[in-house]
Amino acid sequence: MTKYIFITGGVVSSLGKGIIAASLGRLLVSRGFSVSIQKFDPYINVDPGTMSPFQHGEVFVCEDGAETDLDLGHYERFTDSYLSQINNVTSGSVYQTVINKERKGEYLGATVQMIPHITGEIKSRLILASKRNNPDFLIAEVGGTIGDIESLPFIEAIRQFRSEIGYQNSMSIHVTLLPYLPTSGELKTKPSQHSVNVLRSYGIQPEMLVLRTQVPLGKTEREKLALFCSVNKDSVIECKDMKSIYEVPLYLEKQNMTSQVLKTLGVEEKEPNLNDWENLVYRINNPNKELTIALAGKYTELNDAYISVVESLKHAGFKNSAKINIKWIASEDILQDEDVKKHLADVDGIVVPGGFGVRGIEGKLKVIKYARENNVPYLGLCLGMQCAVIEFARNVAGLNNANSTEFDKNSEYKVVDLLEEQKNIAGYGATMRLGSYPCKIMPETKANHAYNSELILERHRHRFEFNNQYKDLLISKGLVISGTSPDGLLAEIIELPQNDWFVACQFHPEFKSRPQNPHPLFLGLINAAIKRKFDL
């Protein structure tokens, strides 16, 4: 049967539980085990799709169209897997399901309560995730911090679940922070002890501690934590700050974390094969070239808003032994042509990512114009493609003030318009064109050379599209539509053949990039940037 590993966090939030869960998943996969990872998010939103990127970071989209927490992106990238709606569970989705069942009379008149109905629904999501593909291990990460009121139903559900399936079939890993006091030169274990005590008070004794720290964990601190937290000394694992998140699996492996997990769960040890991952980390730490890529967006104050884009750029850099420096450009700061030159004169490539709303759009258009006119390698993602179409229509095709109906419903030239199926939709949650769709690639195009395929599958998250009323005009002016839906009705990829690399897509390629297998479009951008900078 599936073995369950529950990961909780204590002391503070944003400890990197998602990276630790993904790293453990990578280490188990390297031993030939099958792994699935699930995220429990305690917020009341049904999913993060309607949440501001400033509050919650990127919305990661799965193959089935699920709008999920950004940690699922880490899970997919580290384990090279494809997750789905069942891998992201929120309090909102749980409550919504329970209330719908109550309205339908499925509880036969019973008083609906936190226990057993809410906790029962959470447990059913665990079972559902384990039944899909029947993985050897299901890792479940609980968002937030132990002691948060909103996470209590998840912790109680885990307590019940572990009791029901037998403790030999599950384990608890608690991730905490060890504060370092530089004035006294001490690592303080007391906050972690208190956090474990809170977890115990909820009925869960962790079998392993993972300790986030700036400095190495000493023998004294390790023994103190093992003693006061009732954890085996070999199961007290240090996770110090690393230069790259991709180093974390190897650092945990050096401390025999996976071996301790397998021992705790009564699973026979297997020899790991981490050669490819070690080669990856070597390339990351030993680049022979360096590039600066501008990322011009409207959520640049929070880097997590574009985490998959950033990681995809790095992946393409790893392939080329190149260090990628991100230059963050707040598009609303680009007001004049002089601003564009000031911000972009020293960059080797430009990315305009997805987003919503009119704020910063004119700045993005100026950035795209600069890329087009100066032959700076450019990659547009979703909104970045729509803006590229608007810029081309205005400045090449002579359609002054061309726009998207998202930004100007009264525009004379609506070169970007609502998808037909979106025109009668009133709500916002999970109502866009979401998930994986096929795209037909035109021969002898940059997209075709990048993918080396005539048909691809890519993930979407948008409401607006290229308006085919302007298709013939824009093509006559030099725009190439290099990717379409199989029926030819939707423009999915556009490019400018006269530029070394000017490609934009309506989908989100960043969701399918992997550290050992970078996405073709990001690889195309970085290859063009290298060629331009080093005159190759």
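## Close-up views of backbone and aromatic features

**View 1. Asn256 is placed in the loop that runs between α9 (248–254) and α10 (257–264).** The model shown here and in the views that follow is a predicted one. At Asn256 phi is near 60 degrees, which is a positive value in a residue other than glycine. Most residues other than glycine have a negative phi. With a relative accessible area of 43%, Asn256 is classed as partly exposed.

**View 2. Asn452 occupies the loop between α16 (446–451) and β19 (455–462).** The backbone of this residue, which is not a glycine, also carries a positive phi, with a value near 55 degrees at Asn452. The relative accessibility of Asn452 is 69%, and the residue therefore counts as exposed, the cut-off for that class being over 50%.

**View 3. Ile115 and Pro116 are joined by a cis peptide bond.** The omega angle of the bond between Ile115 and Pro116 is about 15 degrees, whereas most peptide bonds are trans. Pro116 belongs to helix α5, which covers residues 114–131.

View 4. Because Phe40 lies in strand β2 (residues 35–41) and Phe154 in helix α6 (residues 152–165), the pair ties together parts that are 114 residues apart in sequence. Phe40 is buried, its relative accessible area being 0%, and Phe154 is likewise buried, with a value of 1%.

**View 5. One aromatic cluster is made up of Phe54, Tyr299, Tyr306 and Trp328.** The four side chains to follow in this view are those of Phe54, Tyr299, Tyr306 and Trp328, which together form the cluster.

**View 6. Lys270 is positioned over the face of Phe33.** The distance from Lys270 to the centre of the Phe33 ring is 4.4 Å.

**View 7. The charged end of Arg514 is placed over the ring of Tyr82.** In this arrangement, the charged end of Arg514 is 5.3 Å from the centre of the Tyr82 ring.

Terms used: Residues numbered from 1 in each chain as written. Predicted model: local features only at pLDDT ≥ 70, side-chain atom pairs only at ≥ 80, totals over all residues. Heavy atoms only, no water. Helix = DSSP H or I, 4+ residues; strand = E, 2+ residues; numbered from the N terminus. Buried < 20%, exposed > 50% of the residue type's maximum accessible area, 1.4 Å probe, protein only. Phe/Tyr/Trp six-rings, centres within 6.5 Å; stacked < 30°, edge-to-face > 60°. Lys NZ or Arg CZ within 6 Å of the ring centre and 35° of its normal.
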